[in-house]
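Dear colleague,

Please find below the structure that I was asked to pass on to you. I would be grateful if you read the notes after it with the model open beside you.

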Amino acid sequence: MKPPNKTGEPVTEVVEGRCPAEGNPSQQNAPRTQCRTSAPSALERIREAAKRDRKAKFTALLHHVTIERLRVAFNDLSKNAAPGVDGVKWEQYAEALEGNLQDLHGRLHRGAYRAKPSRRAYIPKADGSKRPLGIASLEDKVVQRAVVEVMGAIYEADFLGFSYGFRPGRSQHDALDALAVGILRKKVNWVLDADIRGYYDTIDHGWLMKMVEHRVGDKRVLRLIQKWLSAGVMEAGRWTESQVGAPQGATVSPLLANVYLHYGFDLWAQQWRKRHARGEMIVIRFADDIVAGFEHRADAERFQRDLKERFQKFALELHPDKTRLIEFGRFAAERRARAGLGKPETFNFLGFTHICGKARSGNFLLVRQTIRKRMRAKLEEVKTEIKRRRHQPIPVQGQWLGSVVRGYLAYHAIPTNTYAIQAFRREVVRHWHKALLRRSQKDRTNWQRMNVLARRWIPVALVQHPWSTERFDVRTRGGSRVR
């Protein structure tokens, strides 16, 4: 690619007003290739070119999908992942890995590669419904992962600061911290909790390809993306054509979904804030979960109306039952009390219910607690699985339950959520006790013995995360303001 003539400083995290952090968390650490140029420097050149010229179109990308990059992509795959329609598992492909990668690389670069349909599978959701997943074949996963790594070097220079979902160096807790800091430090009096109805199933392929073409001019990469989108789905032996949507579960889908909302929402929201907002406004987006905070109700109502119209243009729709505008913030309880109304409403974001609370000092406290129905669903999973495992030796059961609780605490053990995580641990121990009692009619495991087992195998439910303001300031080096 010819170096762009335009130069300029990168502008990152515009809506939140963040300065670029020292050290790039998304820098590549891929091993050196066998050629003279290392893989990290190749992607770094793409990244720097994308930063220098925001309008540059990259016309030569596929040659960065090398055998080495395919090998790294393969090794990053889960060895226990479910196979796609081809039935090929990780261990089978690894038996003749070098030959398979040579053949895959050759087919990619001569245009003989063909994407396979996704295998339809369903996973239960917290509300009792089922989420459809598309399980790609192993070679499709490898190629998608390698292409996403190359394309990500471009789009990480474009994505805005309030976009957190499925990006390197950013997590769900980073989004939760940014939201909490925005509510605590900015004049947020109204919160719009926006939900997109069936987002991944309604992405318009035509619009998506136009958006990708803003930055990607390599026809071979564009054809690959089109192949993945139109590969279809296999369910119960029947093939279904995919005219809209991106399969959930495909490696490439999160990046494409972020690109779609970058052009369909992020850039528009940034401009809307500058042109129309009379007061302060914050925006946080994690994938298709959007929360916006406003100082004035009029701004919030206008933004909701305009957002509805904006989404209609791109074949998206706000869910009428799950999209809510509520009074929320530091002074919401006082205002509602003066008006003779009840307590401020709550909203859910990334697994936590956000509540207007009070600290012991009487000051406002943003309380975040695990969503109850999600905790109940998780406990039901534990109950079902421990029944299946109750024939195992107690140490084996204890090790498994300990890993489950540790994983749960790693995400949910945040300040203000102590009661919920203690309740979760308590219920896990109770389900384990019942399972042990049912192993035999002669089993006499009492609670004294049970408490000994719990202390031995189940970790204590303690807060593991710092306060949002502390972590946010450390992450942004103290040189960032939410605005």
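The following paragraphs describe what was found in this structure, which is a predicted model.

Helix H11

I begin with helix H11, which consists of the 17 residues 297-313. At 1.5 Å a residue, this helix should span 24 Å, and its end C-alpha atoms are 25 Å apart, which agrees. The buried residues in H11 are Asp299, Ala300, Phe303, Leu307, Arg310 and Phe311. Why do they lie on the same side of H11? They cover an arc of only 90° around the axis, and this puts them on the same side of the helix. An α-helix has 3.6 residues a turn, so residues three or four places apart point the same way. The exposed residues Arg305, Lys308, Glu309 and Gln312 sit on the face of H11 that is turned away from its buried side. Among the elements that cover the buried residues of H11 are helix H10 (253-275) and the strands E3 (190-195), E6 (281-286), E7 (289-294) and E8 (324-327). Just after H11, alanine 315 adopts a positive phi of about 65°.

The four-stranded sheet

The strands named above also belong together. In the order E6-E7-E3-E8, four strands form an open sheet with antiparallel pairing. E6 and E8 stand at the edges with a single partner strand each, so one side of each has no neighbour in the sheet. On average, neighbouring strands of this sheet are turned by 15° against each other, direction ignored. E3 and E7 run antiparallel and are joined by six bridges; valine 191, for instance, has glycine 293 in E7 as its bridge partner. Helix H10 packs on the sheet, where it touches E6 and E7, and its direction makes about 175° with that of E6.

Aromatic pairs

How many aromatic pairs does the structure hold? There are 18 of them. Phenylalanine 265 and tryptophan 268 are both buried. In another pair, the ring centres of phenylalanine 352 and tyrosine 411 are 5.5 Å apart and their planes are at 20°, so this pair is stacked. The pair links distant parts of the chain, with phenylalanine 352 in strand E10 (residues 352-358) and tyrosine 411 in helix H14 (residues 394-412), 59 residues apart. Phenylalanine 352 and tyrosine 411 are likewise both buried. One aromatic cluster is formed by Phe162, Phe265, Trp268, Trp272, Phe294, Phe303 and Phe311. Two of its members, Phe303 and Phe311, were named above among the buried residues of H11.

The hairpin of E10 and E11

Strand E10 runs antiparallel to strand E11 (residues 364-370), and seven bridges join the two. Histidine 354 stands opposite arginine 368 in E11. The hairpin of E10 and E11 has five residues between the strands, and in this hairpin glycine 362 takes a positive phi near 95°.

Alanine 94

Finally, alanine 94 is found in helix H3 (residues 90-94).

With kind regards

Terms used
Residues are numbered from 1 along each chain as its sequence is written. This is a predicted model: local features need pLDDT of at least 70, side-chain atom pairs count only at pLDDT 80 or more; totals for chains, interfaces and linings use all residues. Side-chain values use heavy atoms; hydrogens and water are left out. The expected span of a helix is 1.5 Å times one less than its number of residues. Buried means under 20% relative accessible area, exposed over 50%, partly exposed in between (1.4 Å probe, protein chains only). The arc is that of the directions from the helix axis to the C-beta atoms. Contact means heavy atoms within 4.5 Å. Two strands pair if DSSP finds at least two bridges between them. Axes are lines fitted to C-alpha atoms, for helices over the stretch in contact, and angles run from 0 to 180 degrees between N-to-C directions. Rings of Phe, Tyr and Trp (its six-membered ring) pair if their centres lie within 6.5 Å; planes under 30 degrees apart count as stacked, over 60 as edge-to-face and the rest as tilted.
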